[in-house]
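Work through these exercises with the sequence and the model open beside you. Try each task before you read its solution.

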Amino acid sequence: MPHGAPPEPMEYELMRRFCRLAFILLPVALSACGAANKAADAIARDQAKSVVNGVVEARLPGVNTAPVTDCIIDAASASEILSIAGASVTGVSDNTVNLVLEISQRPKSVKCIAENSLTLLGGLT
């Protein structure tokens with residue numbers, strides 16, 4: 001087919017089918033990426049929780065650490081979660097401990113921890 005000439009009917013039909021298929025598969029591909037991102041986020045959060053739990057346990061022995069850990073993780077940014085999660089592999093450094101303590105002092109964390117104080121003190125929920 002010469003350059004600039006209209007496509008042959010068969011080529012046109014193939015291009016049309018390809019475009020239709022791409023249009024149908026695009027949302028599927030994008031949702032798969034979304035699912036992979038959610039899975040990666042969940043893994044990072046779980047790893048970060050294990051690190052935060054250890055830091056909280058060391059600072060507040062005898063306290064139910066799960067609610068405090070959840071509050072700190074919920075107040076952390078995505079990059080902070082990744083940084084803390086990395087410490088589950090490389091080891092907890094002073095920087096990691098300081099980051100966890102800094103996040104724990106944010107208004108969102110403090111409010112969450114206060115709302116869960118009965119659980120922390122072993123009272124009724």
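A residue is buried under 20% relative accessible area, exposed over 50%, and partly exposed in between (1.4 Å probe, protein chains only). Buried residues make up 22% of the 125 residues in this protein. The model is predicted: local features need pLDDT of at least 70, side-chain atom pairs count only at pLDDT 80 or more, and totals for chains, interfaces and linings use all residues. Residues are numbered from 1 along each chain as its sequence is written, and side-chain values use heavy atoms, without hydrogens and water.

**Exercise 1. Describe the secondary structure of the protein.**

Step 1. The protein has six helices and zero strands.
Step 2. Along the sequence, the pattern reads α-α-α-α-α-α.

**Exercise 2. Describe how helix 3 and helix 4 pack.**

Step 1. Two packed helices are described by the angle between their axes and the distance between the axes. Axes are lines fitted to C-alpha atoms, for helices over the stretch in contact; angles run from 0 to 180 degrees between N-to-C directions.
Step 2. Helix 3 (residues 78–90) and helix 4 (residues 94–104) pack at about 140°, and their axes are 10 Å apart.
Step 3. Angles under 35 degrees are roughly parallel, over 145 roughly antiparallel, 65 to 115 roughly perpendicular, and the rest oblique. Helix 3 is therefore oblique to helix 4.
Step 4. Contact means heavy atoms within 4.5 Å. Helix 3 contributes Glu80, Ser83, Ile84 and Ala87, and helix 4 contributes Thr96, Leu99, Val100, Glu102 and Ile103.

**Exercise 3. Find which residues of helix 4 are buried.**

Step 1. The buried residues of helix 4 are Thr96, Val97, Leu99, Val100, Ile103 and Ser104.
Step 2. Look down the axis of helix 4: these residues fall within an arc of 160°, so they line one face of the helix. The arc is that of the directions from the helix axis to the C-beta atoms.
Step 3. Asp94 and Asn95 are exposed on the other side of helix 4.

**Exercise 4. Describe how helix 2 and helix 5 pack.**

Step 1. Helix 2 (residues 65–75) and helix 5 (residues 107–115) pack at about 155°, with axes 9 Å apart.
Step 2. Helix 2 and helix 5 are therefore roughly antiparallel.
Step 3. Val68, Cys71, Ile72, Asp74 and Ala75 of helix 2 meet Lys108, Ser109, Cys112 and Ile113 of helix 5.

Conventions:
Helix = DSSP H or I, 4+ residues; strand = E, 2+ residues; numbered from the N terminus.
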